[in-house]
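This briefing sets out computed features of a single structure for a reader working from the sequence and coordinates.

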Amino acid sequence: MVGGGPTMDLLRSEPMQLVQLIIPIESAHRTIAYLGDLGLFQFKDLNVEKSPFQRTYATQIKRCGEMARKLRFLKEQMMKAGLTPSTRTTMCPNINLDGLEVKLGELEAELAEMNTNTEKLRHSYNELLEYKLVLQKAGEFFHSAQNSATAQQKELEEHIHGERSIDSPLLLEKEAFADPSIQVKLGFVSGLVAREKSMAFERFLFRATRGNVFLKQVVVENPVTDPLSGSKVEKNVFVIFYSGERAKNKILKLCDAFGANRYPFTDDIGRQYEMITEVSGRLSELKTTVDIGQLHRANLLQTIGYEFDQWSLLVKQEKFIYHTLNMLSFDVTKKCLVGEGWCPVYATSQMKNALRRATLDTNSQVGAIFQVLHTTELPPTYFRTNKFTFAFQEIVDAYGIAKYQEVNPGVFTIVTFPFLFAVMFGDWGHGICLFLATLYFILREKKLSGQKLGDIMEMTFGGRYVIMMMALFSIYTGFIYNEFFSVPFEIFGRSAYGCRDSSCRDATIIGLIKVRDAYPFGVDPKWHGTRSELPFLNSLKMKMSILLGVAQMNLGIILSYFNAKFFQNNVNVWHQFVPQIIFLNSLFGYLSLLIIVKWCTGSQADLYHVMIYMFLSPTDDLGENQLFIGQKYLQVSF
């Protein structure tokens, strides 16, 4: 390899090799499973010309998809019941795909039957509950109407048998002694209607029957569960009195149109009490039955929750295995599967051990063949990571993946990313809190890695080492900014400034003089609370950000040089690296130089003026903005 030296070679992606595997059919499934556990082999699809339905293991994939659907159904049922898959997974070493398929089918059928029965029971329970309300409310109306009619009849009889005047109407006497058999018998319909529809319901009844009905409504105080929708609805109990079949048909149609639930009712008070007692008994029985069914369903779902994660993992693994097997092709004898793929060179021995173990476990007479192929095809990029570097590598890969054998920028990100965060978040009080929080995740990572965390907690746990580095750098920059929850402390010594006398104790700027050497580390605590604190700190942080940004951009350009030299690409060296490094440092590199010189000399030069007039008037005299001898000629040369 050319360019970069051994140090840069360590930062490059792992050397990869193209490998051909010839696997007997009887050990193919176990072989792919073992290679998947290693996670070091990337298969190539040798059946690109075939559609997914034409491939060998399409039936098995469809079978796994059906099992995944059943698992989703079980999970939905658990979520509706307020349960989540338990982290206390019950170990079932003898579980296999065939047994799991049968078990999932039985559980799905059982839960579907339980849901149907529960729905029917709830529907009956809600109907009986409404029926009871109708019996109670309509019964009260009939009882009060009967009492009122009895009182009126008694009053009328007393009036007739008493002394009558000449002015007493003859028709009243006729009605009183009329034959009861020829009196008109009114029919009635009772039920419940939604309160929001009650006014419209009443208007339509009046118009449809031309006012030949009498409607009585009673408000139900609490919302009622509707038997059809299952939701809570505010309703009114109604009783409609009518005369004639034609009016009855119109009333029934209007009840159906407005979604009013009708229930039978009798005007016999004794029979009403019997019906209320009977309905109350049936309600009690149904409630007991529903509660027992719900308890049985909850126990079943809880049992499923203990094994759900293991079942889900098994189905996913089997589906991925068959997807991978579909990428392999048959040899000419149709007895072996041939696969090609990429793997790191260092993993050769691990791959061979996995193939050997699969052959022994399946008692295959013929072992799998592992042979390296020579190719000019560009291999995929693979960077070896551990639990510390994994999150940093993921951050870099989110922006783009380096080409094969390029320098891995993720190594430098371990330092640059948390440090640039700390420049913005410089407070050693906050940094300590952040560090303690991540330390908890790190110390308990073995326990937490096996548990199901929420989305936010899962993301935080995955980036625990990134956050730890950010916290450490925040503590460091917090000492530089001298901020502990925005409060300064004299940690590294006393302030360099003091008062001339005791009368300026509370002074912020006026009256302060330098009485000792400069504060040894970071910002002097006397700057905090002064009138010039904000301009000073903003200027400090802005200029420091420029220096860090220019340094990081220079690092990226230098890495592109090493990549170009490694691949012997002189075009990129002369036409990419050289123009970029010149352009960057002629402007921002020069600005960084001016910032450092100004800091070292204590000059009052205006860097904005210097950079603007460097282009507008490069030959003008710099005057008080000159920081060093020969600055004018250096700017002209840029």
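**Cavity, fold and annotated spans**

In this predicted model, the largest cavity is lined by K137, A138, F141, K216, V218, V237, F238 and V239.

**The largest cavity**
- The count of cavities of 30 Å³ or more comes to 1.
- The space in the largest cavity is about 30 Å³.
- Three elements, α4 (97-161), β4 (214-219) and β7 (235-242), each contribute at least two residues to the lining.
- By class, the lining residues comprise 6 nonpolar and 2 charged, with no polar residue.

**The chain as a whole**
- Of the 638 residues in the protein chain, 37% are buried.
- The accessible surface of the chain is about 38500 Å², and carbon and sulfur atoms account for 58% of this area.
- When contacts between residues at least 6 apart in sequence are considered, 76% of them join residues at least 24 apart.

**Spans annotated in UniProt**
- An unreviewed UniProt entry assigns the annotation "coiled-coil region" to residues 97-124.
- In the model, residues 97-124 are 100% helix and 0% strand, with 40 Å between the end C-alpha atoms.
- The unreviewed entry also lists residues 419-443, 464-481, 544-564 and 576-597 under "transmembrane region".
- One of these spans, residues 464-481, is 100% helix and 0% strand, and its end C-alpha atoms are 25 Å apart.
- Another, residues 576-597, is likewise 100% helix and 0% strand, and its end C-alpha atoms lie 30 Å apart.

**Residue Q294**
- Q294 belongs to helix α8, which spans residues 269-325.
- Q294 is classed as partly exposed because its relative accessibility is 29%, a value between the 20% limit for buried and the 50% limit for exposed.
- Leaving aside residues up to four places away in sequence, Q294 touches T118 and R122.
- Q294 and A81 are separated by 213 residues in sequence, yet their C-alpha atoms are 9.5 Å apart in space.

Notes. Residues are numbered from 1 along each chain as its sequence is written. This is a predicted model: local features need pLDDT of at least 70, side-chain atom pairs count only at pLDDT 80 or more; totals for chains, interfaces and linings use all residues. Side-chain values use heavy atoms; hydrogens and water are left out. UniProt positions are given in the numbering used here, feature names are shortened, and annotations may be inferred rather than shown by experiment. Helices (H or I, at least four residues) and strands (E, at least two) are DSSP runs, numbered from the N terminus. On a 1 Å grid over the protein atoms alone, a cavity is a set of points where a 1.4 Å probe fits but cannot get out, and a pocket is an open set with protein on both sides within 12 Å along at least five of seven lines; lining residues have an atom within 4 Å of a point. Grid points are joined across faces, edges and corners, and a volume is the space filled by probe spheres set on the points. Ala, Val, Leu, Ile, Met, Phe, Trp, Tyr, Cys and Pro count as nonpolar, Asp, Glu, Lys and Arg as charged, and the others, Gly among them, as polar. Buried means under 20% relative accessible area, exposed over 50%, partly exposed in between (1.4 Å probe, protein chains only). Contact means heavy atoms within 4.5 Å. Accessible areas come from the Shrake-Rupley method with a 1.4 Å probe; for residues, only the protein chains shown count as cover.
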